[in-house]
Amino acid sequence: EGADVAVVVTPHDMARGFADDAMLTQNMMDAAKAGGVKHIINIGSWTVHEPTALSLLADRFVQPEEYLQTLGVGWTSLRSGYFNPNLAMAFGSLRSSDEIRFPDGLMF
């Protein structure tokens with residue numbers, strides 16, 4: 001209560017997995033609105049542009065971003081790029097082939 005703006009970051013807990021991330025993010029958005037927030041800044045992902053090719057990651061971000069647009073508060077969605085630690089993990093595939101493999105087998 002008392003805040004005009006809330007920043008919502010999708011949770012990331014590898015032990016728990018990704019299955020509930022969209023729901024948990026939407027719960028945070030609901031709590032912000034219920035607390036009187038007038039503007040929500042959503043920290044999303046560029047993967048919303050490739051929801052089929054990158055479904056493992058995009059599923060965490062597509063629904064909350066669409067939901068945010070219907071909440072009736074001002075909103076901003078910041079779509080981050082690919083974080084370096086994640087990219088470093090993808091480089092491991094170079095040891096066995098000449099391809100960099102991303103989630104869901106997407107290759108560049």
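In which strand does Ala6 lie? Ala6 lies in strand β1, and the legends below start from the whole chain and return to this residue. The model shown is predicted.

**Figure 1. The protein chain holds four helices and three strands.** Along the sequence these elements follow the pattern β-α-β-α-α-β-α. The chain has 108 residues, and buried residues make up 30% of them. The protein chain exposes about 6700 Å², and carbon and sulfur atoms supply 58% of that area. Among contacts with a separation of 6 or more, 62% come from residues 24 or more positions apart.

**Figure 2. Three strands form an open sheet in the order β1-β2-β3.** The pairing in this sheet is parallel. Strands β1 (5-9) and β3 (74-80) stand at the edges with a single partner strand each, so one side of each has no neighbour in the sheet. On average, neighbouring strands are turned by 20° against each other, direction ignored. Strand β2 covers residues 39-45 and pairs with β1 over five bridges. Within this pair, Val7 stands opposite Ile41 of β2.

**Figure 3. Helix α1 lies across β1 and β2.** The helix spans residues 21-34 and runs at about 170° to β1. Ala32 touches Ala6, Val37 and Ile40, when residues up to four places away in sequence are not counted.

**Figure 4. The largest nonpolar core has nine residues.** They are Ala6, Val8, Met29, Ala32, Val37, Ile40, Leu68, Leu71 and Val73. Both β1 and α1 supply at least two residues each to this core.

**Figure 5. Ala6 is a buried residue of strand β1.** Its relative accessible area is 15%, and buried means under 20%, so Ala6 counts as buried. Leaving aside neighbours within four places in sequence, Ala6 is in contact with Ala32, Val37, His39, Ile40 and Ile41. Ala6 and Met29 are 23 residues apart in sequence, and their C-alpha atoms are 8.4 Å apart in space.

**Figure 6. Arg16, Asp21 and Arg60 are linked in a network of salt bridges.** What are the distances between the closest N and O atoms here? For Arg16 and Asp21 the distance is 2.7 Å, and for Asp21 and Arg60 it is 2.5 Å. Asp21 lies in helix α1 and Arg60 in the loop between α2 (55-58) and α3 (62-68), so this pair ties together parts that are 39 residues apart in sequence. Asp21 and Arg60 are both buried, and Asp21 has a relative accessible area of 0%. Arg16 is partly exposed, with a relative accessible area of 33%.

**Figure 7. Arg79 forms a salt bridge with Glu65.** The closest N and O atoms of this pair are 2.2 Å apart.

Definitions and conventions. Residues are numbered from 1 along each chain as its sequence is written. This is a predicted model: local features need pLDDT of at least 70, side-chain atom pairs count only at pLDDT 80 or more; totals for chains, interfaces and linings use all residues. Side-chain values use heavy atoms; hydrogens and water are left out. Two strands pair if DSSP finds at least two bridges between them. Axes are lines fitted to C-alpha atoms, for helices over the stretch in contact, and angles run from 0 to 180 degrees between N-to-C directions. Contact means heavy atoms within 4.5 Å. A nonpolar core is a set of buried Ala, Val, Leu, Ile, Met, Phe, Trp, Tyr and Cys residues joined through side-chain atoms within 4.5 Å. Buried means under 20% relative accessible area, exposed over 50%, partly exposed in between (1.4 Å probe, protein chains only). Accessible areas come from the Shrake-Rupley method with a 1.4 Å probe; for residues, only the protein chains shown count as cover. A salt bridge is a side-chain nitrogen of Lys or Arg within 4 Å of a carboxyl oxygen of Asp or Glu.
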